[in-house]
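Subject: Handing over the structure, with notes

Dear colleague,

I am passing on the structure that we spoke about, and below it you will find my notes on what was found. Please keep the structure open while you read, so that each residue can be looked up as it comes.

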Amino acid sequence: MSIPTKYSASNVESKWYNYWMEHNYFHSVPDEREPYTIVIPPPNVTGVLHMGHMLNNTIQDVLIRRARLQGKNACWVPGTDHASIATEAKVAAKLKAQGIDKNDLTREEFLEHAWEWTEEYGGVILEQLKKLGCSCDWDRTKFTMDDDMSEAVIKVFVDLYNKGLIYRGYRMVNWDPEAKTTLSDEEVIHVEQQGLLYYLEYQIEGGDEKLTIATTRPETIFGDTAICINPNDERFSHLKGKKAIVPISGRVIPIIEDEYVDIEFGTGCLKVTPAHDENDKALGDKHNLEVIDIFNDDASLNSYGKHYEGQDRFVVRKAIVKELEAAGVLVKTENHINKVGTSERTKAVIEPRLSDQWFLKMEDLAKPAIDAVLVNGEVKLYPKKFENTYRHWMENIRDWNISRQLRWGQQIPAFFYSDGKEDFVVAENVEKAVELANKKLNVTSSAVEKSLTKEDLRQDSDALDTWFSSWLWPMSVFDGIRNPENEEIKYYYPTNDLVTGPDILFFWVARMIIAGYEYKDQRPFENVYLTGLVRDKQRRKMSKSLGNSPDALKLIEDYGADGVRVGLLLSAPAGNDLMFDESLCNQGRGFANKVWSAFYLTTLWEVKDIEQPESSKVALEWYQSKFQAALIEIEDHFSKYRLSDALMVIYKLIYDDFCGWMLEMIKPAYQQPIDSETYKMVMSIFEENLKILHPFMPFITEDIWQRIEKRSPQDALIVAEYPKVETFDLQLISDFETVKDVVSGIRTIRKEKNIAFKDTVELMVLNNENVDSKYDTVISKMGNISEMKTVSEAVEGALTFRVLSNEYFIPMEGSIDVEAEIEKLTEELKYTQGFLKSVQGKLRNERFVNNAPEQVVASEKKKEADALAKIETIKASLSSLK
């Protein structure tokens, strides 16, 4: 097999990925081994690979490949999420481009288009993950809208409803006017914005008196149904029981009293709009106020908006301010900073809206999940700092609004049999619904003329929140909801590790924990590794809109998948944001090239059955101990989910210790053979290196592994045996640091004195530290020493350096031209003394010292100190030469 001189990722990656797929290494079935299970955070079916996916899935692949090497039955379940809002928006946009309004289609017709879109684009991101090297069990790929997955979701809804935990309520919700659906509180981002506070005058009925109200939303005056004052506010006590006239609309509304009103804020008077503010709704309920909804579902004004009907709320705001100003109603405006709720998905400004929605009671469901993380530690968060965030969310949990006004998603299994709000039943299918509806009617009425049929039932048109399907993910992917005692759920559940971002700690992680305890009475996973966000060098979050996110596939094309994986992980400490810099990928590619060069070097050696040099024995013994010490450190980092640190230990071990030192210590002299014993051992060590590096760099390691010798599929690196920790010599590692310092000292002198490495030199040592003489062979080889001996006193006329308290001497006779060296040093001394004189001249100049910037003066003082030190060194060198 010919070995290329350089590593080419493009020629290797598809070859080995196809090999792994062909031999089914990624597939898992229950057996006698210990299972190790990860479920992928399912990316949106609309998604394409971006930097966050790259980081998250690289980490998962590292964990799964390592578990596979450790002999565990590794199972990584992939899949995608149907992403209700995002997918419906994309399908609607596609239809619009074709001249079709989605609202003109029946639900069934729209779903046909949605499935068509999903089948065409839905698998893109999973195919892209293969380019990264992800070793998912592709045979297990799931989609949250698969029939079995949807059946599990509906089964859970019915169960929770029957337990009294799901209810239908007319409540103030977060309305996304772009997606035209309600959102849960967690899907709303509150953004601080600079706005205006408008002061408007309301006429008091039956007189000339006017009342000034401050509002941030003048367009909502059409929904005003009262003005509220604080009963303790003496300024307005005379208005008790009176009425006011709403500007423009002319409606007469009552003036009510409530201590909720902040006397200090604005004017101390509050306009009450129960349909469009949660606090106003509470006031309205308390005082039995009329509720007037002034908005259509796209946040344009309806008929209550009079001449503004059909216009967008923000357009109306600008227009109505002009109308109010012209009418003399607008007293003044002030700048005002407030937090505006925006949709996490569409970025539209949220509109509070009263609506019939489905809710899940969360308080009791959350208790086992709180204990699991914060009390008994059954589920561990890495880094631990996120426990505080988890605690805040979970201890302040609100009922979950689980209905969405969308078509794409699991349709809520509530069936109405008449027009009454309470005239419904909840069932897994329409046949069971008919049965329940008839039973319910028989209970409430003895005069039922005929039984209902499924044609008499109307299913709720809302779909369930996407998270209501994905919170079951660790169970439903193993069919644990529909068939709770099946072999797979019992073997693979609970899963081991979950890798995800902290931004969905509540959305998804907490809810999966809740569902796990509710339906399996077990945690869904043991460890949650929370990655940071990938940001650019300016610390900005990467996004399409900013245009600061590199093309993930282009990075793989340019640097190789292994290079990108290393580049991402070297700077991705758990829970901290990664400042992505493309040079990191270049560093990863450089490391791949270094490993390849090391392998290529070994292929150039001629191997013979000759005596093993003592220096090679010592070098191999040292590296084996160094490897074992590193292995312990790596295991510790993995146990704490410090994958970046684990990789850095491996990187230094292979780059510095293996390539930089050990190979140099054992490689044969030019055109000389290497002994078979050393070669056999060094290749065995190389294989151990490949095993610990494989989870991080799967492609290059498998390629080198397969080139070292012919392997059967059972002997592939992907299923090799991970190295085990063994006893090792710690003193040997410590001693070798001294050896490395000695070799570095020799090399420094050679470099400074231009002594060619091919020329041998003598080395004498004043051995105060009693360094074991067994290392002399290594020092001699690495320094090209002709003779090495111990002396009892300093050697005159020699070049010298110190390591610890030992002093090393290289006699100059025969090594350098003494006269030429004296001349060179004398010239250098003269120049340095002149440089020192000019610097000291500046520092003696009071005008310069007093007027120059502090850092400039400090710089000159440093130059003085450096010059003085250099002069002393040159003088010492000259003294030793004379």
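Let me begin with Met662, which touches Ala619, Leu620, Trp622, Tyr623, Asp657, Val682 and Ile685, leaving aside residues up to four places away in sequence; touching, or contact, means heavy atoms within 4.5 Å. Please bear in mind that this is a predicted model, in which local features need pLDDT of at least 70 and side-chain atom pairs count only at pLDDT 80 or more, while totals for chains, interfaces and linings use all residues. Residues are numbered from 1 along each chain as its sequence is written, and side-chain values use heavy atoms, with hydrogens and water left out.

The nonpolar cores

A nonpolar core is a set of buried Ala, Val, Leu, Ile, Met, Phe, Trp, Tyr and Cys residues joined through side-chain atoms within 4.5 Å, and buried means under 20% relative accessible area, exposed over 50%, and partly exposed in between, with a 1.4 Å probe and protein chains only.

Two packed helices are described by the angle between their axes and the distance between the axes. The axes are lines fitted to C-alpha atoms, for helices over the stretch in contact, and the angles run from 0 to 180 degrees between N-to-C directions.

How do H2 and H17 lie relative to each other? The axes of helix H2 (residues 51-69) and helix H17 (residues 561-569) come within 10 Å and cross at roughly 100°, and the two helices are therefore roughly perpendicular to each other. Angles under 35 degrees count as roughly parallel, over 145 as roughly antiparallel, 65 to 115 as roughly perpendicular and the rest as oblique. On the H17 side, Val564, Arg565, Leu568 and Leu569 meet residues of H2, among them Met51, Leu55, Ile59 and Arg65. Sorted by class, the contact of H2 with H17 has eight nonpolar, one polar and three charged residues, where Ala, Val, Leu, Ile, Met, Phe, Trp, Tyr, Cys and Pro count as nonpolar, Asp, Glu, Lys and Arg as charged, and the others, Gly among them, as polar.

H17 also packs with helix H22 (residues 698-708), their axes coming within 7 Å and crossing at roughly 130°, which makes H17 oblique to H22. Here Ala561, Asp562 and Arg565 in H17 meet Pro698, Phe699 and Ile700 in H22.

H22 in turn packs with H1 at an angle of about 80°, with their axes 9 Å apart, and H1 and H22 are therefore roughly perpendicular to each other. Pro698, Phe699, Glu702, Asp703 and Gln706 in H22 meet residues of H1 that include Trp16, Tyr17 and Trp20.

A sheet of three strands

Three strands form an open sheet in the order E15-E23-E22, and the pairing is parallel; two strands pair if DSSP finds at least two bridges between them. Strand E15 (380-382) and strand E22 (495-500) stand at the edges, each with a single partner strand, so one side of each is left without a neighbour in the sheet. E15 pairs with strand E23 (residues 525-530) over three bridges, and Leu381 stands opposite Val528 in E23.

Loops to look at

The peptide bond from Tyr382 to Pro383 is cis, with omega near -5°, and Pro383 lies in the loop between E15 and helix H10 (386-395). A cis peptide bond also joins Tyr493 to Pro494, with omega near 0°, and Pro494 is found in the loop between helix H14 (487-492) and E22.

Is Asn24 buried, partly exposed or exposed? With 42% relative accessibility, Asn24 counts as partly exposed, and Asn24 has a positive phi of about 60° although it is not a glycine.

With kind regards

Terms used: Helix = DSSP H or I, 4+ residues; strand = E, 2+ residues; numbered from the N terminus.
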